[in-house]
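Here is a walk through one protein model.

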Amino acid sequence: MKKFILGFIGFGEASFSIAKGLHESSKPEVVAYDVMAGVMPIVKQRAEETQVRLLPSLASLIDASDVILCATSAKYALSIAKEAAPFLKEGKIYSDLNSASPNVKKEIAGLVDGTGALFADSAVMEIVPPYKHKVPIAVSGSGARLYAEMLNSIGMNITYINDQAGSSSAMKMFRSVFMKGFTSLMLETFLASQKMGVCDQVLESISNTLQQNSVEMLANLLINRTAVGYERRISEMEDVVSTLEDLNIAPYASLATIERLTWMGSIQLKEHLNGIVPKDFHEVLDLALELSN
């Protein structure tokens, strides 16, 4: 693949870490524009360290780059895309790496595709600094396939999802439902366990369950059995809430669990499954979505 120039809009920690990895591997030419370059010395320091050429304006950045990566903040993603659109043209790929919602990414795609340029909705799936340019990135949109080919050719770690903008951002968002929720569950579990002096034992028990099963196996085990046994689980969690309150530990996650289990009862999952535990959790998901409409 022929050489190309990579341009960053915003040269914060994420952009710098990716650029640093590319610089260490001697690929490729990288330029950047950061509105704070004139007032934050660290921007210039980072650029000098990675031999990234700082450009004076958004227009000059887009003009000089073949692939443009916007890595600023989710709240500015759409406004920056609107500002960038007049300078985009056929032959350019504009990618947004911000953690914006799927709907925002679709709006940006409309702006970019309307210029003749291609759009890549990039969802960064891990913390960037440890991985540098190898950080896993899922990508979708009109330019996703070409974007993946180009960036993978310089050693990056891009996974093509599909041609629909918003898909990769949805992946990241829904993954966050689990990761942030899992963190909350861990905190509530271990706060109570620590207070009762059984934290290490609870940790070992949970570790055994997680290590003996894949996530798919756990989904089939837990979701499917809960679909026909939510009443008992609600009762158990009510006791958990009482215990946590007795320990003066706010049961935020446990109350949310009761609410979700109660919802399963409200759509009568058990009745529609005839009380039979399904083999595949996708069956439960499809039925729940159907009953929720």
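Helix α8 gives twelve residues to the lining of the largest pocket, the largest share of any element. Elements here are DSSP runs, numbered from the N terminus: helices are H or I with at least four residues, strands are E with at least two. The model is predicted, so local features need pLDDT of at least 70 and side-chain atom pairs count only at pLDDT 80 or more, while totals for chains, interfaces and linings use all residues. Residues are numbered from 1 along each chain as its sequence is written, and side-chain values use heavy atoms, with hydrogens and water left out.

Stay with that pocket. Its volume is about 2200 Å³. Phe178, Leu185, Leu222, Ile223 and Thr257 are the closest to its centre, out of 46 lining residues. Two or more lining residues come from each of α8 (167–196), α9 (199–211), α10 (215–228), α11, α12 (252–266) and α14 (281–292). By class, the lining holds 31 nonpolar, ten polar and five charged residues. Ala, Val, Leu, Ile, Met, Phe, Trp, Tyr, Cys and Pro count as nonpolar; Asp, Glu, Lys and Arg as charged; the others, Gly among them, as polar.

What is a pocket here? On a 1 Å grid over the protein atoms alone, a pocket is an open set of points with protein on both sides within 12 Å along at least five of seven lines, and lining residues have an atom within 4 Å of a point; a set where a 1.4 Å probe fits but cannot get out is a cavity instead. Points are joined across faces, edges and corners, and the volume is the space filled by probe spheres set on them.

The second largest pocket holds about 600 Å³ of space. It has 29 lining residues, and Ile9, Ala71, Thr72, Ser73 and Asn98 lie nearest its centre. Both α1 and α4 (77–84) supply at least two of the lining residues. The largest share, four residues, is from α1. The lining divides into 16 nonpolar, eight polar and five charged residues.

Now the charged pairs. A salt bridge is a side-chain nitrogen of Lys or Arg within 4 Å of a carboxyl oxygen of Asp or Glu. By this rule there are eight. One joins Glu24 and Lys132, at 3.1 Å from N to O. Glu24 sits in helix α1 (residues 13–24) and Lys132 in the loop between α6 (128–131) and β7 (136–140), so this pair ties together parts 108 residues apart in sequence. Lys132 is partly exposed, at 25% relative accessibility. The classes are buried (under 20% relative accessible area), exposed (over 50%) and partly exposed (in between), with a 1.4 Å probe and protein chains only.

Next, take Lys105 and Asp121. Their closest N and O atoms are 2.8 Å apart. The pair links helix α5 (residues 102–113), which holds Lys105, to strand β6 (residues 118–124), which holds Asp121, across 16 residues. Both residues are buried. With Asp96, they are linked in a network of salt bridges.

Glu231 and Lys270 pair at 3.9 Å between the closest N and O atoms. Glu231 is in helix α11 (residues 230–246) and Lys270 in helix α13 (residues 269–272), 39 residues apart. Glu231 is partly exposed at 39%, and Lys270 is partly exposed at 29%.

Finish at the surface. Val35, Met36, Val39, Met40 and Ile42 make a nonpolar patch of about 440 Å². Val35 lies in the loop between β2 (29–33) and α2 (41–50). It is exposed, at 63% relative accessibility. Patch residues have over 30% relative accessible area and no salt bridge; nonpolar side chains (Val, Leu, Ile, Met, Phe, Trp, Tyr) are joined within 5 Å, like charges within 9 Å. Accessible areas come from the Shrake-Rupley method with a 1.4 Å probe, and for residues only the protein chains shown count as cover.
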